[in-house]
Amino acid sequence: MRMGRRIAATLKRTAVHAGPTVLGIIVLDFLFLQLMPGNAADVMATEAGSATEETVAALRHQFGIDQPVLTQLLNFLGHLAHLDLGFSPRFNTSVADLIMARLPNTLLLMVTALALALVLGIVFGAVMAAWAGRWPDRVLSVIVLLFYSMPGFWVGLMAVVLFSVKLGWLPSDGNETIGADLTGFAMVSDRLAHLVLPALALASFFVAVYARLTRAAMLEVQRQDFMRTAKAKGLHPLLIQLRHALRNALVPVTTVAGMHLGNLLGGAVVVETLFGWPGMGRLTLEAVLGRDYAVLLGVLLLSSFVVIVANVLIDLLHAWLDPRIGSA
Amino acid sequence: MTVGFRPTRRATLAGLSALALGGTRSFAQAPAVKKGGTLNFLQTSEPNTLVSLTTTATSALTNSAKVTEGLLEYDYDINPRPSLATEWSISPDGKTYTFKLRPNVKFHDGKPFTSADVAYSIQLLKTVHPRGRNTFANVAEVKTPDPLTAVIELNKPAPYLIKALTAAESPMVPRHIYEGTDPRTNKNGNAPIGTGPYLFKEWVRGSHVIYERNPNYWNPDLPRIDRMVCKFVPDPGARSIAFENGSGDIGYRTPVALSDIERLKKLPNLVFETKGTSYSYNVQLLQFNLDSQYFKHLKVRQAIAHSIDRAALLKVVAYGYGTISYSPIAPGLKEFHDPTPSPYKYDLKKAEQLLDEAGFKRGPDKIRFKVPMDYNPIGDEGRRTCEYVRAVLARIGITVEVRSQDLPTFARRIYTDRDFDFTYNGHSNLFDPTVGVQRIYWSKNFKKGVPFSNGSHYVNPKVDALLEGAAVEIDPAKRKAMFVEFQKIIAEEIPDISLYQPLYLTIKNKRVHADSLTADGVEANMAQVWLDA
């Protein structure tokens with residue numbers, strides 16, 4: 001009952017915050033995009049390698065950039081009010097279709113990478129804390145430091161060289177074997193094989209962050225009075241570590257993980273380009289380079305939704321982990 | 001006299017032997033052509049449309065011809081060969097082009113391909129195609145006396161027109177699908193229907209396009225492969241890896257970083273093809289803004305020209321993959337290219353002397369002036385070219401500040417804001433100087449906001465007259481003389497400094513055969529391509 005009330009309160013607070021946040025994001029993004037030199041018609045005409053005055057004028061008209069900026073913004077907001085993200089002349093298709101085709105791929109990559117980072121990070125952190133100062137801690141510290149200091153794309157590249165070029169175990173590109181028309185288990189294992197390297201590249205940095213956070217938080221908890229009480233009660237050491245130490249240590253880790261979702265979306269641009277992953281990150285990059293504001297605003301809008309939803313989930317998770325949080 | 005072409009037995013035999021020659025190596029390795037298999041075609045960027053009707057972006061040209069064919073195709077020297085047209089003739093005054101169309105050709109939806117489609121396509125090209133507006137500008141009307149004859153009537157001769165009819169450059173689209181619609185948003189661009197050897201199957205945005213063998217193709221022996229998968233791989237490193245591990249079969253226009261080629265050449269499974277690139281040569285150049293306070297002086301431009309060693313630059317910047325050119329008309333366009341070296345030889349002393357004469361003496365810090373330099377970001381050699389130019393100009397007392405920017409920013413700076421002094425740029429010559437070169441030097445094409453127009457703001461009435469004359473001159477000798485004179489003037493006045501013509505490599509797995517048989521190589525329909533099992 002109390003849980004239900006708290007969920008309702010969290011959702012209400014989020015809804016109140018989200019509306020203005022999203023509107024602010026749209027308007028600010030739109031205005032910032034206006035500051036970028038060059039427009040969609042310039043890009044299309046330049047890519048074509050040839051142009052005449054008439055074809056450039058036709059392009060400008062098609063993109064609606066022959067209209068005043070305010071009209072363009074109002075048009076966009078008007079469409080949005082009807083839940084219409086608009087049409088991209090560059091891709092000759094509706095923005096919603098473009099994004100919905102990519103969103104599942106990016107979410108799959110993000111969730112896998114985040115889950116991988118959390119699981120590996122927490123395991124590493126817990127092991128490091130349990131053997132603090134002894135050799136498992138030392139060895140893992142070095143590994144974690146390496147992950148922390150190497151850029152994800154470089155880790156990815158090296159993994160490609162090893163697993164894809166030298167050993168030939170894993171594919172280096174795309175999210176499925178194109179045209180293989182696989183079904184059932186074969187399809188799932190094909191998808192998984194394609195997922196491993198990009199998820200690893202995206203997760204490597206975050207593994208390091210969560211490992212260090214978990215280690216520090218657990219060591220902090222070890223010194224608390226309730227830990228001594230638990231030990232005095234004669235609880236099994238493993239149970240003490242998992243139920244009392246780790247659960248408390250998870251609060252800072254999940255807080256940071258929630259904030260990292262936005263970073264993951266950003267990191268996806270690089271990793272998706274590197275691995276030819278057909279996700280939103282690449283779409284974002286293409287939209288920026290193509291100055292396709294309709295698509296870019298759609299992506300930003302949806303990304304902000306993803307981040308907001310993720311934060312709600314993290315809030316709820318906190319409420320479960322530590323009932324004292326969020327009662328204010 | 002009528003300039004015509006009829007497929008006589010001798011011509012057919014010659015064509016066959018040319019084919020055999022083109023594939024000598026293939027025949028030596030495997031005596032018989034094999035059928036079936038999937039070709040994995042690596043592409044650097046995703047197209048906006050699969051029909052190159054409203055855009056000529058390379059990514060669209062790459063894919064278009066697989067489904068949508070043209071009237072003609074061309075051998076390596078850009079001599080026409082039959083495709084959808086089987087015979088053609090040009091009237092002596094150069095104003096009437098008559099095409100006999102291939103009978104019994106059907107679009108993928110079963111509708112017949114007729115002269116009405118040709119007439120409609122040419123009208124569309126004339127209005128919506130970025131180059132068609134110029135290429136077909138002189139077209140008065142396209143007559144269709146019968147379903148298999150199309151007659152193009154011109155107001156003025158257009159000697160380049162007969163070279164402009166490849167599938168990718170001038171696609172023949174189905175009239176029944178385009179009529180009454182906006183060609184820019186027509187869904188045929190997303191899921192094309194044409195007469196070509198491959199049927200469009202699917203386009204997964206951000207990932208790939210799949211084409212399948214057209215079992216009802218007008219040439220019953222073709223195509224040979226079952227399926228073509230066009231993968232969009234945006235990262236050059238990832239493309240190298242795909243060639244290395246065999247997941248990519250073919251890619252063109254040097255699909256990997258130039259620095260990677262040496263390494264890839266050592267791999268036994270790869271072949272580096274240089275044929276099939278003659279339909280569109282580029283010339284890379286240093287382009288001056290003639291409104292710049294420095295480069296409006298001829299002597300300053302001459303000094304820069306004296307300080308550039310093209311051979312060294314080609315080696316440093318393009319790893320030697322190219323041919324130096326003193327002319328804006330590429331060496332590959334043998335018919336028109338003037339190989340005379342620049343009158344301004346590599347000579348730093350002379351360069352310094354010219355700068356002194358122009359009034360730009362070395363200051364107390366030994367520097368004459370500081371000037372920003374921009375570069376076209378398409379391709380990875382732009383930055384290196386700027387580094388080279390910065391190094392050599394430092395020796396004659398000019399400090400160069402290199403500015404980097406993305407493509408839209410570059411286009412806006414050069415062609416709209418004109419906020420530049422000099423830039424590294426590249427121009428495609430295409431198949432004829434009137435189409436590819438005139439636009440850069442013709443004073444009437446100084447148009448703000450139009451990319452790859454007269455970006456130098458070069459104005460010379462003599463040059464204008466030569467270019468306009470060559471555009472309508474039907475006597476090849478006279479036309480060549482005009483272009484040679486044009487090149488002499490440009491070499492003297494240097495509104496830009498032509499540097500080199502890049503050599504574009506097609507990289508392929510050795511299991512791929514018969515891929516680059518025409519002037520436009522893998523940009524053509526690739527109907528003949530076949531794979532070792």
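This is a predicted model: local features need pLDDT of at least 70, side-chain atom pairs count only at pLDDT 80 or more; totals for chains, interfaces and linings use all residues.
**View 1. Where chain A meets chain B.** Here 45 residues of chain A are in contact with 45 residues of chain B (contact: C-beta atoms, placed from the backbone, within 7 Å). On the chain A side, the elements giving two or more residues are α2 (40-48), α3 (53-63), α5 (95-130), α7 (152-166), α10 (237-275) and α11 (280-290). Helices (H or I, at least four residues) and strands (E, at least two) are DSSP runs, numbered from the N terminus. α2(A) gives the most to this side, with seven residues. By class, the chain A side splits into 19 nonpolar, 17 polar and nine charged residues. Ala, Val, Leu, Ile, Met, Phe, Trp, Tyr, Cys and Pro count as nonpolar, Asp, Glu, Lys and Arg as charged, and the others, Gly among them, as polar.

**View 2. Helices α9 and α11 of chain B.** The axes of α9(B) (residues 298-307) and α11(B) (residues 348-357) come within 8 Å and cross at roughly 165°. That makes the two roughly antiparallel (the label for angles over 145 degrees). Axes are lines fitted to C-alpha atoms, for helices over the stretch in contact, and angles run from 0 to 180 degrees between N-to-C directions. Among the residues making the contact are B:Val300 and B:Ala303 of α9(B), and B:Leu348 and B:Leu354 of α11(B). The contact has six nonpolar, three polar and three charged residues.

**View 3. Helices α5 and α8 of chain A.** α5(A) and α8(A) (residues 184-222) pack at about 35°, with their axes 6 Å apart. Their crossing is right-handed, and the contact has 24 nonpolar, four polar and two charged residues.

**View 4. The six-stranded sheet of chain B.** The strands form an open sheet of mixed pairing, in the order β15-β19-β14-β18-β16-β17 (strands pair if DSSP finds at least two bridges between them). β15 (322-324) and β17 of chain B stand at the edges with a single partner strand each, so one side of each has no neighbour in the sheet. From one strand to the next, the twist averages 30°. β16(B) (residues 369-375) runs parallel to β17(B) (residues 398-403), joined by six bridges, and B:Val371 has B:Val400 as its bridge partner in β17(B). By contrast, β14(B) (residues 281-288) and β19(B) (residues 496-502) are antiparallel and joined by four bridges; there, B:Leu285 stands opposite B:Ser498.

View 5. Most residues other than glycine have a negative phi, and most peptide bonds are trans. B:Leu222 and B:Pro223 are joined by a cis peptide bond, with omega about -10°. B:Phe452 is not a glycine, yet has a positive phi of about 55°; its place is the loop between α15 (438-441) and α16 (461-472) of chain B.

Methods. Residues are numbered from 1 along each chain as its sequence is written. Chains are lettered from A and ligands numbered from 1 in the order in which they are written. Two residues are in contact if their C-beta atoms, placed from the backbone, lie within 7 Å. Angles under 35 degrees count as roughly parallel, over 145 as roughly antiparallel, 65 to 115 as roughly perpendicular and the rest as oblique. A crossing is left-handed if the near helix is turned anticlockwise from the far one by less than a right angle, and right-handed if clockwise.
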